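This briefing covers a ligand site and the packing of some helices. Please look over the sequence and the structure before reading on.

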Amino acid sequence: MPLLTVRNLALAYDGRCVIEHLNFTLEPGDYLCIVGENGSGKSTLLHGLLSLLPPTQGEILWDKCKEPAYLPQQTKQQRDFPASVEEVVRTGCLNRRKLRIFPLPDEHERVEANLRRFGIESLRRRPYAELSGGQQQRVLLARALCASDKILLLDEPTAGLDPLVSAELYRLIDSLRDGGLTVIMVTHDLAPALSSASHILHLGHKSYWFGTTEDYLQSPAGCGFAGGTIS
Amino acid sequence: MTEFFSMFGYSFMQRALIAGIAVSLCAALLGVSLVLRRYAMIGDGLSHVAFGAVSVATALHLSPLWVAVPVVMLTAVLLLSARENNHTRGDASVAMLSTASLAIGVLAMAGKNTDVYSYMFGSILAVRAEEMWLCLLLGAAVLVFFLLFRDRILSLTFDEGFARATGQRIGGIRLALAIFTAVTIVLGMRLMGTLLISALVLFPAMSAMQICRRFGSVLCAAGIISVLCFIAGLCISYQFDLAPGATVVAANLTVYTILRLVRR
Ligand SMILES: Nc1ncnc2c1ncn2[C@@H]1O[C@H](COP(=O)(O)OP(=O)(O)O)[C@@H](O)[C@H]1O
Ligand SMILES: [Mg+2]
C-alpha cells in the first residue's frame, strides 16, 4: 500500500483547470521534488494534496495518518508579523490538541526538541520579524515538524535566500529524512533536486513527467530542463 | 482632583465610562487580528452596513439594535469567515458594499427624526442601562475568548493555510472572531458613531505594533492603549464640551503619532 496515491487528478480555480489527468504514487520514505515553470501549478498541487483545494476530478488517497507537516510559500505580510519565535513554533502543536482548550502535556517538550533540532533555541525570545530569511525558514520548519514527523510538504523553501543559506537549508531537509520522513518539495533549484530526490514530478502547462531521478536524467524532460521544457 | 472625579458622580457618565471601556477593549483585541489579516477595510465596511441597517430599522419603527446586530453579523460572517478566496473578496467589493449601505441608510432616514443622527455621530452620554450591560457582557466574553484561545487566534492570524493544512480546528475561532467583530461594531456605533467606530478597531492595534514585537504583548498593549485613550477622551470631551467620539479618536491619533515618532 503506497503512502500517497494520486489518480486522474484535476484541480481548477473557478472552473479554470490548472492541473489535469495527473497520476502518481509515493512510498513511505520517498523524496519527491516537484519542478516546473512559474505558474505551472506546483503550489496548486500542494494545496490539493493538503485538502486546501478540493479536486474537481479524480482522487488523492493518503495511507492512514494524513496530517502532514507543511512549509508554505512565505507571504510578504508574514515577514514582519509581530510574534516571537517561540510563539510561532508553538502554533505547530495545535493540530494535536483537537478540540481541547489547554495544551497537551508533551507540547512543551515537542517545541523544545524542534527548537534544538534546527539550532534556534537561542532565538526563542527574538521577534520573528527581526530574523534573517534563512532563520525564518528554520523557525517555520520547526513549526511544521511540531505538527507531524511523518510527511513534510515544502513550497519553495529557499525562495529569496542566497545560495549559501539555500544549500544549508537543503542539507537540513536531507538530514530530516534519516528519521523516515517522507518529503514532497516544490523547488526551482534543479541541482539539489537531482542530488537528493528519489522521484521527480515535472509539471508542464499541458502535460507532466513523473518518475525516479535516474530516469529523469535520461528523459527528454530532464535533458530539456537545461534548455527547453516538456510538451 | 475632586473636580475630576465629580464628573463620574453622574450616572450617565458612569454608564458611558463602563460601556466605553468594555467596547474599547473588545475593539482593540479584535482589531489586532483584523489588521494583521489585512481585513482593516472590512471593519470600516461593517460599520457602514450597521448604519444602513439602523436607518432602515428606524424607518420601519423596529428596534435598531435588534435589526443591526443580525444583519451585521451575517455580513461579517460572509466577509470574514467565507472560504479563503482572494479573487472575489477584493477591496472593491467591500467598498461597494459599504457605500451602498450608506446610500440606503441615507435614503431610509429621509425626513425622519434625529435618532439616526445619534447613530451616525454617537451618543455616548445617552447610553441606557441595558446597553451598558450588553457591552459589559460582550467585553467579558471577548476577554475570556482571547485568554483561552490566544494560541489558536495567533495561528489563524499568522498563517491560516498552515493551520488548515495541518488539521487544526480553527473554523470555530474564525466564526467567533467574525461574530464578536459584528457585535462590537454595532454596540460601538452607539458610543462612537458609525463614522468613527472603525478608528477604535484600527488605531490601538497600529499603535501597539509600533512598540511591541510579540503577539501576546501586542494584544496587551492594544487593550491598554485603547482603554486609556477612551478614558482620556471621555474626560477631555467632558471638560471642554467636545464631541466624545471624536475626542477619543483624537486621543488615539495622538498616541499613535507619538509612538510612531519615538519608535527606534
Ligand atoms: N487563488 C487562486 N485563484 C485563481 N487562480 C489562481 C490562484 N492561485 C493560483 N492561480 C493560478 O493558477 C496557476 C498556477 O499557479 P501556482 O500553482 O501558484 O503556480 P506555481 O506555484 O507553479 O508557480 C497560475 O496561472 C495562477 O495564476
Ligand atoms: Mg508557487
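A crossing of two helices is called left-handed if the near helix is turned anticlockwise from the far one by less than a right angle, and right-handed if the turn is clockwise. The model is predicted. The ligand site is taken up before the helices.

**Residues around ligand 1**

- The shell around ligand 1 holds twelve residues, and the closest are A:Gly39, A:Gly41, A:Lys42, A:Ser43 and A:Thr44.
- The site is shared between chains, because the residues that surround ligand 1 come from both chain A and chain B.
- By class, the shell around ligand 1 has seven polar, three charged and two nonpolar residues.
- In chain A, strand S2 (16-26) and helix H1 (42-49) each give at least two residues to this shell.
- H1(A) provides the largest share of the shell, with three residues.

- A:Thr44 has a side-chain N or O atom 2.5 Å from an oxygen atom of ligand 1.
- For A:Ser43, a polar side-chain atom is 2.8 Å from an oxygen atom of ligand 1.
- A nitrogen atom of ligand 1 has a polar side-chain atom of A:Tyr13 at 3.4 Å.
- Ligand 1 exposes 570 Å² when taken alone, and 69% of that is buried by the protein.

**H7(B) and H9(B)**

- In chain B, helix H7 (residues 129-158) packs with helix H9 (residues 171-192) at an angle of about 150°, and their axes are 10 Å apart.
- Angles over 145 degrees count as roughly antiparallel, and H7(B) and H9(B) are therefore described as roughly antiparallel to each other.
- H7(B) and H9(B) make a left-handed crossing.

**H10(B) and H11(B)**

- Helix H10 (residues 194-211) and helix H11 (residues 215-240) of chain B cross at roughly 125°, with axes that come within 8 Å.
- H10(B) and H11(B) are therefore oblique to each other.
- The crossing in which H10(B) passes H11(B) is right-handed.

**H7(B) and H11(B)**

- What angle do H7(B) and H11(B) make where they pack? The angle is about 120°, and the axes of H7(B) and H11(B) are 11 Å apart.
- H7(B) and H11(B) are therefore oblique to each other.
- H7(B) passes H11(B) in a crossing that is right-handed.

Technical notes. Residues are numbered from 1 along each chain as its sequence is written. Chains are lettered from A and ligands numbered from 1 in the order in which they are written. This is a predicted model: local features need pLDDT of at least 70, side-chain atom pairs count only at pLDDT 80 or more; totals for chains, interfaces and linings use all residues. Side-chain values use heavy atoms; hydrogens and water are left out. A residue is near a molecule or strand if one of its heavy atoms lies within 4 Å of it. A polar contact is a pair of N or O atoms within 3.5 Å; within protein, one must be able to donate a hydrogen and the other to accept it, and residues adjacent in sequence count only if both atoms are side-chain atoms. Accessible areas come from the Shrake-Rupley method with a 1.4 Å probe; for residues, only the protein chains shown count as cover. Helices (H or I, at least four residues) and strands (E, at least two) are DSSP runs, numbered from the N terminus. Ala, Val, Leu, Ile, Met, Phe, Trp, Tyr, Cys and Pro count as nonpolar, Asp, Glu, Lys and Arg as charged, and the others, Gly among them, as polar. Axes are lines fitted to C-alpha atoms, for helices over the stretch in contact, and angles run from 0 to 180 degrees between N-to-C directions. Angles under 35 degrees count as roughly parallel, over 145 as roughly antiparallel, 65 to 115 as roughly perpendicular and the rest as oblique.
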